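Please open the model in your viewer and keep the sequence panel beside it.

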Amino acid sequence: DGCGHTVLGPESGTLASINYPQTSPNSTVCEWEIRVKPGQRVQLKFGDFDIDDSDSCHSSYLRVHNGIGPTRTEIGKYCGFGFQMDGLITSKSNEVTVQFMSGTHTSGRGFLAAYSTTDKSDLITCLDNASHFSEPEFNKYCPAGCVIPFADISGTIPHGYRDSSSLCMAGVHAGVVSNTLGGQINVVISKGIPYYEGSLANNVTSKVGPLSTSLFTFKTSGCYGTLGMESGVIPDSQITASSILEWSDQTGQVNIWKPENARLKRVGPSWAAFISDEHQWLQIDLNKEKRITGIITTGSTLAEYYYYVSAYRILYSDDAQKWTVYREPGMDKDKIFQGNTELYQEVRNNFIPPIIARFFRINPLKWHQKIAMKVELLGCQFSIGRAPKITMPPPPQNKNDDKNDDFSDDFVHSVKTSLQTDKTTFTPEIKNTTVTPSVTKDVALAAVLVPVLVMVFTTLILILVCAWHWRNRKKKSEGTYDLPYWDRAGWWKGMKQFLPTKSAEHEETPVRYSSSEISHLRPREVPTMLQTESAEYAQPLVGGIVGTLHQRSTFKPEEGKEASYADLDPYNSPIQEVYHAYAEPLPITGPEYATPIIMDMSSHPSTPLGVPSISTFKAAGNQAPPLVGTYNKLLSRTDSTSSAQALYDTPKGQPGPGAADELVYQVPQSVAHSAGSKDE
């Protein structure tokens with residue numbers, strides 16, 4: 001009567017004294033006989049040891065023996081409060097006997113131990129948690145039987161588990177190890193989160209947990225995606241059932257709880273069987289063999305119909321003719337899966353090892369009021385190199401006289417042979433335990449969209465750079481000596497009124513003209529061009545420098561050999577193959593006087609009223625001659641023929657020595673004086 005929590009698996013297990021972790025009762029005894037495969041040995045590890053040693057291990061102790069029965073030999077006898085066992089206790093054969101004796105005592109929790117075969121060198125116990133290990137990632141072996149009522153876990157997958165949670169119990173909850181078999185876990189430690197959710201999975205309830213400094217998760221194969229019930233990948237025609245609940249309500253409307261309604265998260269009623277007995281089933285055709293790693297179930301999800309399945313078993317087949325009941329390896333009984341405790345919440349169960357099949361069938365064993373459920377299957381595509389499936393005996397015949405006999409002892413709350421009642425097994429309150437799948441469809445979509453978006457943005461950037469570069473080159477192509485054709489004359493006319501009046505000291509400042517206008521002309525064609533295209537004559541350079549633009553006009557001098565003129569005027573130079581850019585000398589047959597540059601600013605819209613046009617003439621000498629007069633309007637040079645042939649009066653007085661600097665020219669006879677003109 002001294003035996004506590006005990007699970008003895010084929011390769012590992014867990015055992016504890018009665019009432020652990022509370023004080024064990026007086027005068028109790030328990031013996032465990034452990035056997036593993038022949039040729040292997042057993043190793044024993046204590047997770048906690050607290051036995052009264054007041055009488056020097058005489059009445060209260062733990063004794064370990066090699067072998068079983070009368071021929072067994074003692075390995076050691078142990079007692080003490082808080083006794084620390086260094087290392088492992090190893091047997092010499094494949095059989096071990098563990099004996100616990102509790103005499104009269106007032107304190108002492110007893111013990112909890114784990115065992116495994118000696119090839120599991122990284123064995124831990126059900127009490128170990130992540131805070132016991134300093135490595136950021138490690139592998140450990142969990143024994144069978146770590147779903148213990150006195151251990152707590154907080155969290156769920158994929159978010160992770162609180163560092164205070166039992167590693168092995170969390171592994172069972174996550175579906176990476178089996179409670180009846182144990183197994184290897186690969187643990188990864190990371191930074192904690194403020195809140196840990198609670199859920200129910202694989203008959204393990206995780207609780208809500210507060211903030212922690214670290215958490216742990218498990219590395220898995222990643223084969224936990226949904227297989228198409230919720231998403232509709234599995235068509236309605238591939239979901240069938242043994243019977244369908246159907247009736248008409250008071251309004252005459254027919255309610256049909258069809259098998260295609262058994263899709264998880266589908267709004268509306270679920271599938272429900274017309275007959276509530278243990279022979280009903282819901283079948284799903286996956287169209288081809290898949291690797292099935294788990295199942296999620298709910299009830300009817302309709303408050304007015306409080307239907308759900310609380311226990312079921314699983315069958316699978318390759319041809320829908322010969323069915324195999326799911327059993328865990330080494331077990332000789334069908335595995336009974338924990339179902340729902342109410343109609344809304346989702347409950348997950350994992351298959352270890354996975355099921356490889358095309359046809360999948362759920363056989364309800366216990367239910368509330370009526371058989372009704374919604375499901376989703378978890379798994380992935382089946383790869384070619386699979387391990388051979390475990391051969392299972394044929395399922396028991398569904399006869400009334402022997403129903404459920406093979407699996408009545410496996411479930412924690414035994415499934416009775418008579419399933420006609422509406423009572424359900426009790427399980428703790430649960431929360432959503434849906435495994436977040438890694439959907440390959442979303443990954444493929446992202447793999448296509450990301451490169452396309454990168455290419456689009458790159459193309460836009462290249463277009464902008466090319467446009468900016470083309471604009472800069474266009475600006476540079478409009479060089480200092482080449483204004484646009486449509487703006488060469490008009491721009492200068494509009495800008496002249498904003499320029500300062502010409503002063504005497506700037507008289508000789510050279511003004512540049514566009515070389516592109518005369519570079520293609522022969523020497524004697526320049527004057528003709530200047531006369532016929534008056535707006536283009538000696539056009540000033542627009543280069544952005546105000547000092548260059550303040551010249552008002554130019555004077556085209558007469559060819560001559562006078563020393564004073566040649567010394568001072570840069571225009572008087574012999575005719576060469578390369579002509580000066582300012583102005584071409586007048587032809588020999590041209591008029592006696594220089595052709596004036598006349599610009600009519602009165603017609604410009606920006607010219608103020610009453611502002612006269614001005615013409616400047618350059619006479620021989622260093623000083624500019626005074627203005628002849630001011631006129632309201634001057635003859636425009638748009639008529640180049642008449643302007644070139646205009647006649648002038650002779651100068652007043654007789655020229656004499658030194659009179660060249662004082663010459664004043666009269667207004668041409670062909671131009672009438674305005675009312676307000678004056679003569680000097």
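**First stop: aromatic rings**

Begin by selecting Trp-32, Phe-46, Phe-49, Phe-100 and Phe-111, which together form one aromatic cluster. Rings of Phe, Tyr and Trp (for Trp, its six-membered ring) are paired if their centres lie within 6.5 Å, and a pair is called stacked with planes under 30 degrees apart, edge-to-face over 60 and tilted for the rest. Before going on, note that this is a predicted model, in which local features need pLDDT of at least 70 and side-chain atom pairs count only at pLDDT 80 or more, while totals for chains, interfaces and linings use all residues. Residues are numbered from 1 along each chain as its sequence is written, and side-chain values use heavy atoms, with hydrogens and water left out.

A search of the whole structure finds 20 aromatic pairs. Select Tyr-161 and Phe-218 next: the ring centres are 6.0 Å apart and the planes stand at 65°, so this pair is edge-to-face. Because Tyr-161 belongs to strand 12 (residues 160-162) and Phe-218 to strand 16 (residues 214-218), the pair ties together parts that are 57 residues apart in sequence. Helices (H or I, at least four residues) and strands (E, at least two) are DSSP runs, numbered from the N terminus. Tyr-161 and Phe-218 are both buried, where buried means under 20% relative accessible area, exposed means over 50%, and partly exposed lies in between (1.4 Å probe, protein chains only).

Now move to Tyr-305 and Tyr-307, an aromatic pair that is tilted, with 5.9 Å from centre to centre and 45° between the planes. Tyr-305 counts as partly exposed at 23% relative accessibility, whereas Tyr-307, at 10%, counts as buried.

**Second stop: charges over rings**

Select Arg-361 together with Trp-323, and you will find the charged end of Arg-361 over the ring of Trp-323, 4.1 Å from its centre. Lys-335 likewise lies over the face of Phe-337, at 5.2 Å from the ring centre. A charge is taken to sit over a ring if NZ of Lys or CZ of Arg is within 6 Å of the ring centre and within 35 degrees of the ring normal.

Which residues have the most contacts inside the largest nonpolar core? They are Ile-314, Phe-351, Ile-355, Phe-360 and Ile-362, in a core of 29 residues. Strands 18 (239-241), 22 (282-298), 23 (308-317), 26 (347-368) and 27 (372-381) each supply at least two residues of this core, and strand 26 gives the most, with six residues. A nonpolar core is a set of buried Ala, Val, Leu, Ile, Met, Phe, Trp, Tyr and Cys residues joined through side-chain atoms within 4.5 Å.

Centre the view on Ile-314 and, leaving aside its neighbours within four places in sequence, look for its contacts (heavy atoms within 4.5 Å), among them Thr-324, Tyr-326, Phe-337 and Arg-361. Apart from this core lies another, of 24 residues, including Ala-130, Met-169, Val-172 and Phe-216.

Show the cysteines next, since the structure holds five disulfides, a disulfide being a pair of cysteine sulfur atoms within 2.5 Å. One of them joins Cys-142 to Cys-168, with 2.2 Å from S to S, and its torsion of -90° about the S-S bond makes the link left-handed. Cys-142 lies in strand 10 (residues 137-142) and Cys-168 in helix 1 (residues 167-174), so the pair ties together parts that are 26 residues apart in sequence. Both Cys-142 and Cys-168 are buried.

Then select Cys-223 and Cys-380, which form a disulfide with sulfur atoms 1.9 Å apart; the torsion about the S-S bond is about -100°, so this disulfide is left-handed. Because Cys-223 lies in the loop between strand 16 and strand 17 (225-226) and Cys-380 lies in strand 27, the pair ties together parts that are 157 residues apart in sequence. Cys-223 is buried, with a relative accessible area of 5%, while Cys-380 counts as partly exposed at 23% relative accessibility.

**Last stop: Arg-63**

Finish at Arg-63, found in strand 5 (residues 61-66). Is Arg-63 buried or exposed? Arg-63 is buried, with a relative accessible area of 19%. The side chains of Arg-63 and Glu-74 are joined by a polar contact of 3.2 Å; such a contact is a pair of N or O atoms within 3.5 Å, and within protein one must be able to donate a hydrogen and the other to accept it, with residues adjacent in sequence counting only if both atoms are side-chain atoms.
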